[in-house]
Amino acid sequence: MVLGTSSGAGKSLMAAALCRVLRRRGETPLPFKGQNMSLNAWVDAAGGEMAYSQALQAWAAGLEPTVAMNPVLLKPQGDSTSELIHLGRSVGVCRAEHYYRDWFRPGWAAIRQGLSDLQTGHPGGRLVLEGAGSPVEVNLQPRDLTNLRLAQFLRARCLLVADIERGGVFAQIVGTLALLRPVERPLIRGILINRFRGRRELFDEGRSWLERHTGLPVLGVMPWLDELFPPEDSLDLLERKARKPDADLEIAVMRLPSISNFSDLDPLEAEPSVRVRWLRPGEALGSPDAVVIPGSKQTLRDLEVLRASGLGDDLRRYVSGGGHLFGLCGGLQMLGRRLLDPLALEGGGGSGGHTGLGLLPLITHYGDGKATQQVCAPALWPPGSSLMLEGFELHRGQSLCQEPDQCQPIAMRPGLGWWTAGPSGSVVAGTYLHGVFDSGPWRRRWLNQLRRRRGLSPLSEQQPHHGQQREALLDRLAGAFEAHVNLTPLLERE
């Protein structure tokens, strides 16, 4: 089990690295995080919701992602409430103060069922568990579903990861160990220092001090890696800067308060010719080559933020001046004319509905059902030779085009998205498909639209799926992990 001294210490990536290392050694690693809190989601082949980080670990292990790897997923939606996903399906909404009272036992049952399903499907596999946040939040320890309760239940050998980049690494480690209960302390087999910059020998004295004062070996010091894997928390997007100053294109991405599935933008961040600029409400829009409105867990609240901050008016002026605007899922819904939410599922209510940005002639109606499925369909836009549009749907609400002569479908399959051409060469488009930019040929065709407007030569559309680049990054991560971490105390059979 990979535990961390805090959220963001690097547990997810270290667990992914461990999965890839075990796969290289001929084992079948089984990634598992009993409970995750994240708005970065994935939909498995059966249409179940799970955290993207466990999907990433599954790919590292060479396995198809399945909800059994993340049986409890909490999706925050503001006001101290979260949507609860058990074994891939939404089971309700709960306030934080009622969660452990009402959902502890059902959550533990879902975790045990997930473990059973995963191990039954892969007999002989080795579980690679990931903890959540800190394992020693003293107000939560007796009710913690996914850290040391699970480690004790499975007698897991635990690696404690601390992020030296955040500062205070000695206090992180010593404080965490001091707050462990006596029955939990023997579970910790070693310490890992993560994100170290510079020569490792500069930490030799600190390593010796930690081993003397904790009685535990420092099993490794992982170097800083400029990874492109998405953070778990949208707050970590603040650390993403607009890099690549010499890039040909700039794409502005709206970082709205309830942003979800921001991993959709990773393939654009990985494009050498593209600079992605994350734009918060209140910041100047400028003159980017394209603007993307990503998904949202609370679409109507984020739409109100756009309007109140003035960005809604900025986007309308941007389009009237020839801009290129693209919406993903909730972002697509915001581009429409009306959004009807009589059951208050998306942060609003009332039979009158809510006014969208009015840039596509769409009406969206939210109902009880949720679309969760993987999709592959022939693309109709951008124009050119035949391409496939790939991704997954994960949304409430259905959108209808009121004026078919003013918005064209982007795919042969109805309801996946629409586009329209506007004044001065502007384009407004959107899709319900998450992961649409993962397809190399489709992504490059979309980018070539922007390049033609700038008089730039087109990029080759013979581009592999982003999954291939992800595989290369996982291999790089695993190579660094093997080079810098002594795995023997973790992997030895007892």
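1. Before we look at the helices, a word on terms: axes are lines fitted to C-alpha atoms, for helices over the stretch in contact, and angles run from 0 to 180 degrees between N-to-C directions. Helices (H or I, at least four residues) and strands (E, at least two) are DSSP runs, numbered from the N terminus. Please keep in mind that this is a predicted model, in which local features need pLDDT of at least 70 and side-chain atom pairs count only at pLDDT 80 or more, while totals for chains, interfaces and linings use all residues. Residues are numbered from 1 along each chain as its sequence is written, and side-chain values use heavy atoms, with hydrogens and water left out.

2. Let's start with helix α1 (residues 11-24) and helix α2 (residues 52-61), whose axes are 7 Å apart and form an angle of about 20°. That makes α1 roughly parallel to α2 (angles under 35 degrees count as roughly parallel, over 145 as roughly antiparallel, 65 to 115 as roughly perpendicular and the rest as oblique). From α1 the contact (heavy atoms within 4.5 Å) uses S12, L13, A15, A16, C19, R20 and R23, and from α2 it uses S53, L56, Q57, W59, A60 and A61. These contact residues divide into 8 nonpolar, 3 polar and 2 charged (Ala, Val, Leu, Ile, Met, Phe, Trp, Tyr, Cys and Pro count as nonpolar, Asp, Glu, Lys and Arg as charged, and the others, Gly among them, as polar).

3. Helix α1 also meets helix α12 (residues 466-484): their axes come within 8 Å and cross at roughly 85°. That makes α1 roughly perpendicular to α12. Among the α1 residues involved are L13, A16, R20 and R23, and the α12 side includes E471, L474, D475 and F481. The residues of this contact divide into 10 nonpolar, 1 polar and 6 charged.

4. Next, a sheet to trace on your screen: 4 strands form an open sheet with mixed pairing, in the order β3-β6-β7-β8 (two strands pair if DSSP finds at least two bridges between them). β3 (35-37) and β8 (89-95) are the edge strands, each pairing on one side only. The twist from one strand to the next averages 25°. β3 and β6 run parallel and are joined by 3 bridges; Q35 has V72 in β6 as its bridge partner. Helix α3 (residues 96-121) packs on this sheet, touching β3, β6, β7 and β8, and its direction makes about 155° with that of β8.

5. Q77 sits in the loop between β6 (72-76) and β7 (81-86). With a relative accessible area of 13%, Q77 is buried (buried means under 20%, exposed over 50%, partly exposed in between, with a 1.4 Å probe and protein chains only). Leaving aside residues up to four places away in sequence, Q77 touches S82, E83, V93, K297, Q298 and R301.

6. A second open sheet has 7 strands in the order β15-β13-β16-β18-β25-β24-β23, again with mixed pairing. β15 (274-279) and β23 (408-409) stand at the edges with a single partner strand each, so one side of each is left without a neighbour in the sheet. β23 and β24 (residues 417-421) run antiparallel, joined by 2 bridges, and Q408 stands opposite W419 in β24. Helix α9 (residues 311-320) lies across several strands, including β13 (249-254) and β16 (290-293), and runs at about 140° to β16.

7. Finally, have a look at R149 in helix α4 (residues 148-154). R149 counts as partly exposed, at 33% relative accessibility. Not counting residues up to four places away in sequence, R149 touches F104, W108 and D144. The C-alpha atoms of R149 and G34 are separated by 11 Å, although these residues are 115 residues apart along the chain.
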